[in-house]
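This briefing is intended for a reader who has the sequence and the model at hand. Please consult both while working through the points below.

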Amino acid sequence: MRRFTWFNATSLTLGFVFLYLPMVILVIYSFNASKLVTVWAGFSTKWYGTLFQNEAFLDAAWVTVKVAVVSSTFAAVLGTMAAYVLVRGGRFMGRTLFSGMIYAPLVMPEVITGLSLLLLFIGIGFDRGMMTIILAHTTFSMCYVSVVVSSRLVSFDRSLEEAALDLGCSAFEAFRLVTLPIIAPAVISGWLLAFTLSLDDLVIASFTSGPSATTLPIKIYSAVRLGVSPEINALSTIMISIVTVGVISASLISKRAAVKQKRDEMAAERTAD
Amino acid sequence: MAQTVFAPWEEADQKPLIQFKNVTKRFGDFVAIDNLTQDIYAQEFFALLGPSGCGKTTMMRMLAGFETPTEGQILIAGHDMKGVPPNKRAVNMMFQSYALFPHLTVAENIAFGLKREGKPKPEIEDRVDEMLRLTRLEKFGKRKPHQISGGQRQRVALARSLAKAPKLLLLDEPLGALDKKLRQETQFELMDIQEKTGTTFVIVTHDQEEAMTVASRVAVMDEGQIIQVATPADIYERPNSVYVADFIGDVNIINGHATRAGDGYDIAYAEGTGKLHAKTTTDLGNEGKCALAIRPEKVSITAQKPAKVTNAVKGKIIDIAYLGNLSTYHVELKGGQMVKAQTANTRRLERRSFTWEDDVWLSWTDTAAIVLEG
Ligand SMILES: Nc1ncnc2c1ncn2[C@@H]1O[C@H](COP(=O)(O)OP(=O)(O)OP(=O)(O)O)[C@@H](O)[C@H]1O
Ligand SMILES: [Mg+2]
């Protein structure tokens with residue numbers, strides 16, 4: 001049984017204030033009529049209007065979304081493949097080295113990853129732009145995907161793949177028809193993780209972006225250096241709401257799936273003979 | 001019963017369907033299959049019996065192509081199976097763990113192998129319906145595996161492996177989770193399928209009765225080796241070792257010292273008691289240590305010493321196990337040897353002739369006991 005105690009209530013409140021107070025302030029000030037960020041001058045939505053007239057921000061937002069979608073898709077494919085080899089490949093030469101190398105970028109300082117990618121792109125004469133950001137994001141986010149997917153694969157019953165082989169599948173068909181559908185939730189959450197990582201990455205993007213393509217975090221960062229404008233608050237509020245809606249709907253979907261499964265199981269028990 | 005007895009293993013011109021040739025399988029240092037040589041013929045119902053961990057599943061997995069022998073050769077229909085992947089073998093296996101695809105419905109699970117063959121859709125649907133009917137799962141075709149009971153899952157696994165009507169079917173404990181009645185019905189279904197389609201079955205079972213009912217031959221295994229292969233009747237009546245005698249059914253083992261006498265041996269089993277006599281073709285030399293194996297149902301129990309019986313010994317009833325149709329009497333002989341005797345309960349319980357602590361005579365003929373090396 002959980003009891004209500006003052007200690008619990010206090011720590012809960014403190015925690016939530018700590019987490020959300022800055023955001024709440026930001027959201028409130030995005031509706032400020034005044035141009036001065038710190039002075040409240042009444043309610044207004046005009047900053048949202050100006051935001052949607054600001055071509056530079058809209059361009060950056062569009063680039064960011066494209067980069068996130070493409071790089072997280074690449075990362076999901078590559079990360080899943082890497083995880084599959086690591087978990088299923090058995091003991092091949094250099095397996096430990098390989099797995100160490102896959103996970104190294106997780107702990108590598110982003111500055112170093114960004115710098116080394118920058119040097120690489122300069123070295124091979126690759127013009128920096130959207131493509132280079134996509135490549136860079138794929139590189140670092142595929143490790144996260146492979147961590148998520150391999151933890152699912154470890155608990156995956158190998159005999160399912162064997163059964164598929166036994167029933168006439170080639171190794172690839174067994175993967176496509178049996179393994180992939182079953183690990184799909186892990187691949188999707190890996191994709192979402194990669195997507196959010198790409199969406200809010202500043203460091204690596206600023207190393208690898210070029211004059212032709214700027215992402216939203218870079219744009220915001222450089223704008224803020226010239227002073228916080230209410231427009232930025234409005235933009236941030238929009239991002240917060242998008243993320244909130246996404247998180248809530250994702251949890252609703254999975255909750256509904258769980259409820260449905262439970263209902264099915266109960267129905268099965270009633271009719272089982 | 002058919003007019004001609006089905007016994008291809010006794011005919012010299014028959015070609016075996018499966019040949020294990022000196023197959024050894026090691027997992028690291030552990031020897032799971034130990035230099036095993038065995039032929040299995042087409043249309044056999046070959047049962048593998050043995051304690052847990054003796055290598056039954058490993059044998060199956062090598063046949064299906066999931067494990068490769070460390071040494072030796074496996075031939076199916078005369079072809080060396082080395083390097084042939086599971087999907088290229090005309091073999092289907094039912095997994096001990098069922099291995100049902102959780103993301104597919106029962107019907108889709110059953111249809112999986114048929115779809116891989118690229119059969120036309122109506123044909124697949126007919127076949128799936130037939131399999132559902134056979135395994136009494138008509139009502140559950142649209143369920144997912146997690147929505148059905150354990151026994152139903154087992155039947156789905158069975159239906160899925162049967163669906164493709166393979167030439168060779170490997171069943172790893174196919175009926176273990178079913179209740180007795182359903183199990184017997186399914187056994188007869190399997191035998192029926194076998195008769196109709198001529199499929200060769202290799203089946204692992206922990207249930208001796210099942211092996212006895214369905215098998216053309218039974219192989220008793222221990223620690224990666226086959227100890228004896230024979231028809232169910234022979235395995236029961238003529239076990240080749242104490243291990244097999246003890247493993248199959250209930251048996252009394254009397255250890256003693258044998259000396260050749262006539263067409264068999266006289267066996268001394270305890271100080272100060274008479275000798276037992278058993279006819280046998282087993283050759284232990286002129287004398288030697290031996291073990292006498294006697295099935296409890298071949299031992300008669302009487303109040304008086306029977307007149308014309310080779311072996312009669314006196315003892316005291318220690319325990320009576322009432323099994324409904326049968327009763328087993330645990331009798332202690334002079335010298336402490338325990339012997340079980342089984343009788344059919346043709347009379348009602350209260351009119352039974354013996355009770356605890358009664359002195360009784362146990363007797364058996366000279367052909368009832370099997371002489372084994374001890
Ligand atoms: N992949 C493996 N790695 C190491 N040892 C294994 C492996 N597979 C099986 N073994 C060992 O080989 C032996 C035989 O296993 P197997 O699964 O064939 O037993 P079984 O006769 O089917 O037993 P059961 O009746 O319990 O199913 C066991 O001791 C098991 O521990
Ligand atoms: Mg097994």
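This is a predicted model: local features need pLDDT of at least 70, side-chain atom pairs count only at pLDDT 80 or more; totals for chains, interfaces and linings use all residues.

How do the residues of the shell around ligand 1 divide into nonpolar, polar and charged? The division is 4 nonpolar, 7 polar and 1 charged.

- The residues around ligand 1 include B:Phe27, B:Phe30 and B:Ala32, together with B:Gln96.
- Two elements of chain B, strand E2 (30-40) and helix H1 (56-64), each provide at least two residues of the shell.
- H1(B) makes the largest contribution to the shell around ligand 1, with 3 residues.

**The domains of chain B**

- Chain B is assigned two domains: domain 1 covers 8-242, and domain 2 covers 250-373.
- The contact between them involves 4 residues from domain 1 of chain B and 5 residues from domain 2 of chain B.
- On the side of domain 1 of chain B that touches domain 2 of chain B, there are 2 nonpolar residues, 1 polar residue and 1 charged residue.
- The centres of domain 1 and domain 2 of chain B, taken over C-alpha atoms, are separated by 39 Å.

**The contact between chain A and chain B**

- Chain B brings 24 residues to this contact, and chain A brings 19 residues.
- On the side of chain B that touches chain A, strand E6 (91-94) and helix H2 (106-116) of chain B each supply at least two residues.
- The largest share of that side, 3 residues, belongs to H2(B).
- By residue type, the side of chain B that touches chain A consists of 11 nonpolar, 9 polar and 4 charged residues.

**An open sheet in chain B**

- In chain B, 5 strands build an open sheet with antiparallel pairing, in the order E13-E12-E11-E14-E20.
- Strand E13 (276-279) and strand E20 (370-373) of chain B are the edge strands; each has a single partner strand, so one side of each lacks a neighbour in the sheet.
- On average, neighbouring strands of this sheet are turned by 45° against each other, direction ignored.
- E13(B) pairs with strand E12 (residues 264-268) of chain B in the antiparallel sense, over 4 bridges.
- B:Asp266 has B:His277, in E13(B), as its bridge partner.

Conventions:
Residues are numbered from 1 along each chain as its sequence is written. Chains are lettered from A and ligands numbered from 1 in the order in which they are written. Domain bounds come from an automatic or database domain assignment. Two residues are in contact if their C-beta atoms, placed from the backbone, lie within 7 Å. Ala, Val, Leu, Ile, Met, Phe, Trp, Tyr, Cys and Pro count as nonpolar, Asp, Glu, Lys and Arg as charged, and the others, Gly among them, as polar. A residue is near a molecule or strand if its C-beta atom, placed from the backbone, lies within 6 Å of it. Two strands pair if DSSP finds at least two bridges between them. Axes are lines fitted to C-alpha atoms, for helices over the stretch in contact, and angles run from 0 to 180 degrees between N-to-C directions.
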